[in-house]
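The tour below goes from one selection to the next.

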Amino acid sequence: MNLPASSRLQFTPDLNICRVLNGMWQVSGAHGRIDPKRAIQSMFKYMDAGFTTWDLADHYGPAEDFIGEFRRQLIDTRGKEALSNLQAFTKWVPRPTRMTKQLVQQNIDISLKRMGVETLDLMQFHWWEYGDKNYLDALKYMSELQEEGKIKHLALTNFDTEHLKIITEAGIKIVSNQVQFSLIDRRPEVNMVPFCSEHNIKLFTYGTLCGGLLSERYLGQPEPRGGELSTASLRKYKNMIDAWGGWSLLQELLSVLKQIADKHAVSIPNVAVRYILDKPAVAGVIVGAKLGVAEHLEDNARVFDGKLDTEDDRNIDAVLSQSRNLYQLIGDCGDEYRR
Ligand SMILES: NC(=O)c1ccc[n+]([C@@H]2O[C@H](COP(=O)([O-])OP(=O)(O)OC[C@H]3O[C@@H](n4cnc5c(N)ncnc54)[C@H](OP(=O)(O)O)[C@@H]3O)[C@@H](O)[C@H]2O)c1
């Protein structure tokens with residue numbers, strides 16, 4: 001399998017990425033058991049198929065260590081040059097507290113060590129509490145570490161538009177923000193997408209498949225109850241679907257997506273990902289990968305096969321227009337983490 005050129009994006013002058021990123025929350029333990037050996041073997045398959053860009057975090061269990069081990073095995077089996085087409089985007093999610101250069105540096109150094117790199121490709125910073133303004137100090141110190149060569153690019157995750165604006169106005173150069181964005185959760189369209197488009201900031205999206213709920217597996221199925229939602233991801237997005245419009249509206253959406261998918265000879269997940277990939281400011285969609293357990297490589301490769309047309313958009317809109325407004329219910333991007 002070889003992904004087409006349209007799968008690639010020159011994200012920054014020095015980072016050429018795959019627009020479907022491999023999400024590593026799925027190896028954290030909250031989505032079932034992962035066998036490290038099989039997981040690393042599976043990372044080779046992703047890489048060889050063209051899915052070369054990984055999204056991870058300091059708190060996704062062994063994710064940073066997997067990158068470190070994968071890099072070591074790449075060097076051993078293919079030589080150092082094999083690393084040139086690997087991009088690994090991590091996050092730092094500290095508990096809000098007073099920030100010192102030493103504290104920030106210590107945490108960045110941990111990620112560098114675990115991932116076995118001298119420079120982090122992208123550091124996506126999360127902050128839990130806007131009332132605590134120490135996030136600006138954390139970012140200032142990270143900018144210094146960037147100048148010192150420990151970080152290539154600074155980014156955010158789950159920041160709302162108001163605070164993204166505060167940060168950019170403080171003179172901190174942010175290249176991307178990672179937010180929930182899907183057919184179900186279109187909150188970014190209200191403020192985030194326009195702001196990012198205007199300021200040349202990119203978006204990486206998660207929840208775009210709602211943990212798998214936006215797939216053939218749930219089409220025509222009865223509403224799953226507590227225990228049947230077997231991963232943290234499914235539980236998270238089932239709550240979102242309940243707030244959005246509930247199971248019967250989801251079924252309406254899935255059957256429209258199925259018709260569109262059949263028309264283009266692709267799958268429901270392909271349509272769900274394509275819909276978000278084509279939104280302004282979106283650099284890439286992160287699709288969770290249960291490494292060594294479940295693989296959707298061939299199917300997800302088909303997302304690059306075609307585009308949705310105006311008839312598809314009209315049919316999707318006819319369902320989405322019946323949903324509740326999540327921006328009014330929850331607020332801007334990331335507000336669900338700060339209530
Ligand atoms: N910044 C944040 O706060 C944040 C929050 C959540 C997630 N994330 C990032 O986003 C990533 C994505 O996670 P997510 O929770 O949002 O999950 P998701 O990507 O919406 O769903 C992933 C699941 O969808 C299913 N799937 C994928 N491709 C499929 C296909 N072609 N056909 C059928 N099913 C398919 C798989 O389920 P099975 O494995 O069961 O087959 C997979 O585990 C995470 O790994 C993480 O990197 C970030």
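## Stop 1: the second largest pocket

The lining of the second largest pocket is made of 8 nonpolar, 6 polar and 7 charged residues. Keep in mind that this is a predicted model.

To find the place, select Arg 71, Leu 83, Val 117, Asp 121 and Lys 152, which are the closest to the centre of this pocket among the 21 residues that line it. The volume of the second largest pocket is about 390 Å³.

Next, colour four elements: β2 (15-18), α2 (63-78), β5 (87-92) and β6 (120-125). Each of these gives at least two residues to the lining of the second largest pocket.

## Stop 2: the largest pocket

Now move to the largest pocket, with a space of about 960 Å³. Select Trp 25, Gln 26, Ser 233, Val 287 and Gly 288; of the 50 residues that line the largest pocket, these lie nearest its centre. Two or more lining residues come from each of β3 (20-23), α7 (232-244), β10 (282-288) and α10 (297-301).

Colour the lining by residue class. In the largest pocket, 22 lining residues are nonpolar, 21 are polar and 7 are charged.

## Stop 3: the ligand

What takes up the space of the largest pocket? Show the ligand: the space it takes is the largest pocket.

Select the residues around the ligand. There are 31 of them, and the closest are Gln 26, Asp 55, Gly 207, Ser 233 and His 296. By class, this shell holds 12 nonpolar, 14 polar and 5 charged residues.

Which element gives the most to the shell around the ligand? Select β10, which supplies 3 residues. The elements α7, β10 and α10 each give at least two residues to the shell.

## Stop 4: contacts of the ligand

Use the distance tool on three pairs of atoms, listed here.

- Gln 26: an N or O atom of its side chain is 2.6 Å from an oxygen atom of the ligand.
- Asn 300: a polar atom of its side chain is 2.8 Å from a nitrogen atom of the ligand.
- Met 24: a polar atom of its backbone is 3.2 Å from an oxygen atom of the ligand.

Last, show the surface of the protein with the ligand in place. How much of the ligand does the protein bury? Taken alone, the ligand exposes 910 Å², and the protein buries 93% of that area.

Notes:
Residues are numbered from 1 along each chain as its sequence is written. This is a predicted model: local features need pLDDT of at least 70, side-chain atom pairs count only at pLDDT 80 or more; totals for chains, interfaces and linings use all residues. Side-chain values use heavy atoms; hydrogens and water are left out. On a 1 Å grid over the protein atoms alone, a cavity is a set of points where a 1.4 Å probe fits but cannot get out, and a pocket is an open set with protein on both sides within 12 Å along at least five of seven lines; lining residues have an atom within 4 Å of a point. Grid points are joined across faces, edges and corners, and a volume is the space filled by probe spheres set on the points. Ala, Val, Leu, Ile, Met, Phe, Trp, Tyr, Cys and Pro count as nonpolar, Asp, Glu, Lys and Arg as charged, and the others, Gly among them, as polar. A residue is near a molecule or strand if one of its heavy atoms lies within 4 Å of it. A polar contact is a pair of N or O atoms within 3.5 Å; within protein, one must be able to donate a hydrogen and the other to accept it, and residues adjacent in sequence count only if both atoms are side-chain atoms. Accessible areas come from the Shrake-Rupley method with a 1.4 Å probe; for residues, only the protein chains shown count as cover. A molecule sits in a cavity or pocket if more than half of its atoms lie within 2 Å of its grid points.
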